Amino acid sequence: MDEAITRRDFFPTLERMSRSELDALQLKKLQLRVGRAYDSIPFYRERYQTAGVSPDDIKSLDDLRRLPLVTKEDILADEARHPPYGSFLGVPEEAIWEILTSSGTSGKGREVHAFTQRDCVLRGSNFAVAFAWAGVSAADAVIFHVGASNSASIGSLTRGIRAVGRLPYLVGHAGFDERIDLMLQFGFDAMWCMPSALNGLSQLLRERGIEPRKQWPNTRSVMIAAESFPVEWVHSMEEFWGCKIYEEYGATQAHGGIGMTNCERGAVIGSRRGAMHFFSWTLLFEVLNPDTLEPVKAGEEGDLVITHLDKEASPLVRFRTRDRVRWFPSTECPCGRCLDFVESGTVGRWDDMMKVKGQNLFPPHVDRVLFSFESIDEYQGRLFIDEHGRDNVEVRYSFREKPGDKTSFERNLIAALKEETHLTMRVTEVAPDELPHFITPDQKARRWTDERQAGLIKSAAQTGDTK
Ligand SMILES: [Zn+2]
């Protein structure tokens with residue numbers, strides 16, 4: 001039955017290329033890209049010379065693997081040596097039209113990526129493809145729950161919404177109650193939201209006695225991103241909102257926006273997870289076994305590697321994301337596009353980075369804050385869905401020696417955690433024997449538990465109860 005969903009292309013020629021046409025286009029763009037990187041971008045020239053490869057060696061798409069991988073650490077080190085754009089900018093500074101900074105902590109670990117005007121238009125059109133596949137058309141108002149910042153979100157979303165629909169108005173800057181007021185005031189036809197925010201929003205709507213499927217009966221789709229989710233939670237959200245849920249994958253390094261998204265069939269099809277198809281005409285994705293660095297086979301998990309085929313400023317060639325994805329060839333989705341895909345709802349991380357409220361949270365950064373307080377003995381962190389249905393962080397800690405004024409101690413602790421991680425965390429003192437004690441540094445990650453998937457399943461069950 002879902003096979004009957006209408007075909008919705010945004011760039012029909014590009015999206016519907018045959019495999020051989022697509023391979024030829026990718027190879028041609030890759031050769032131009034590598035040639036330019038070698039001739040005029042010091043960052044790549046040095047690396048390619050060290051690796052003993054030159055543009056002439058790129059004769060097939062498989063030859064891409066002869067080029068060295070680039071990591072976040074490489075970018076950060078290069079940008080520290082050549083601030084602020086590093087030696088991979090590739091365009092004159094006067095050509096920079098917009099900058100994005102990846103989410104990081106306290107100015108450390110924050111990559112800078114520049115965009116030319118052409119890059120920005122392309123970035124917007126990548127969002128437009130995603131919204132088009134999710135059923136948005138010219139008469140539709142689309143809202144997004146993202147605050148304004150130098151992240152990948154605001155410019156790309158407003159451009160993408162305008163390219164395929166209309167009226168992107170801001171709600172992400174406001175508290176959840178005010179967001180609902182704005183949604184009631186202006187209405188909307190489609191929405192972009194992170195899963196935990198959608199969950200929190202849904203809970204607040206239930207508390208206010210508002211049923212989205214009655215209040216906004218024409219809602220076409222809700223698009224989610226950035227966090228993994230259980231299948232049953234998608235079922236409950238589709239029931240509650242009265243529309244299909246779509247997932248996109250975005251990253252600052254994926255041309256500052258969406259690099260893959262669900263086709264018409266959505267994030268979940270019956271009891272199966274949907275397909276997020278690569279935008280292969282403009283981004284070249286590899287999915288590699290993290291140990292052997294060989295491409296994975298159908299259905300296997302690997303490390304997602306991104307090469308920009310069109311981006312002019314700060315181009316990336318073989319950027320290793322450390323995002324853990326499950327890869328499938330295009331033939332496994334019946335939508336007919338020759339675009340390979342990754343499974344929806346299961347994108348994770350190979351390292352111990354966690355995504356909380358759109359921020360990247362690294363356990364070592366929390367360690368650094370906690371253990372800068374001499375009176376703290378040990379701690380454990382937990383990510384959970386709180387009483388408002390939103391994701392939250394609790395740090396349970398014990399004292400080595402109790403300070404005189406615990407209230408002001410905790411106020412300082414919360415402020416220091418916020419300063420380092422940009423997240424407001426709950427802190428709870430517990431007795432020292434309630435916490436496991438770790439001695440070796442490689443046990444750090446075990447200080448953390450993530451209870452959010454279980455929390456979303458519980459929310460889904462509660463939605464069922466109140467129907
Ligand atoms: Zn498909």
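In what order do the four strands of the open sheet stand? The order is 20-19-18-21, and the pairing is mixed. Keep in mind that this is a predicted model.

**The open sheet**
- The edges belong to strand 20 (426-429) and strand 21 (448-450); each has a single partner strand, so one side of each is left without a neighbour in the sheet.
- On average, neighbouring strands here are turned by 20° against each other, if you ignore direction.
- Strand 18 (residues 376-385) and strand 21 run parallel, and three bridges join them.

- Two elements give two or more residues to the lining: helix 2 (19-40) and strand 11 (283-288).
- Strand 11 provides the largest share of the lining, with five residues.
- By residue type, the lining splits into 12 nonpolar, two polar and six charged.

**Salt bridges**
- There are 40 salt bridges in the structure.
- One of them pairs Arg 47 with Asp 74, whose closest N and O atoms are 2.9 Å apart.
- Arg 47 sits in helix 3 (residues 42-51) and Asp 74 in helix 4 (residues 72-81), so this pair ties together parts that are 27 residues apart in sequence.

- As a reminder, most peptide bonds are trans, and most residues other than glycine have a negative phi.
- Pro 83 and Pro 84 are joined by a cis peptide bond, with omega at about -10°.
- You'll find Pro 84 in the loop between helix 4 and strand 1 (98-101).
- Leu 167 has a phi near 50°, a positive value in a residue other than glycine.
- Look for Leu 167 in the loop between helix 6 (154-164) and helix 7 (176-186).

Methods: Residues numbered from 1 in each chain as written. Predicted model: local features only at pLDDT ≥ 70, side-chain atom pairs only at ≥ 80, totals over all residues. Heavy atoms only, no water. Pairing = 2+ DSSP bridges. Axes fitted to C-alpha atoms, helices over the stretch in contact; angles between N-to-C directions. Nonpolar A, V, L, I, M, F, W, Y, C, P; charged D, E, K, R; others polar. Salt bridge = Lys/Arg side-chain N within 4 Å of Asp/Glu carboxyl O.
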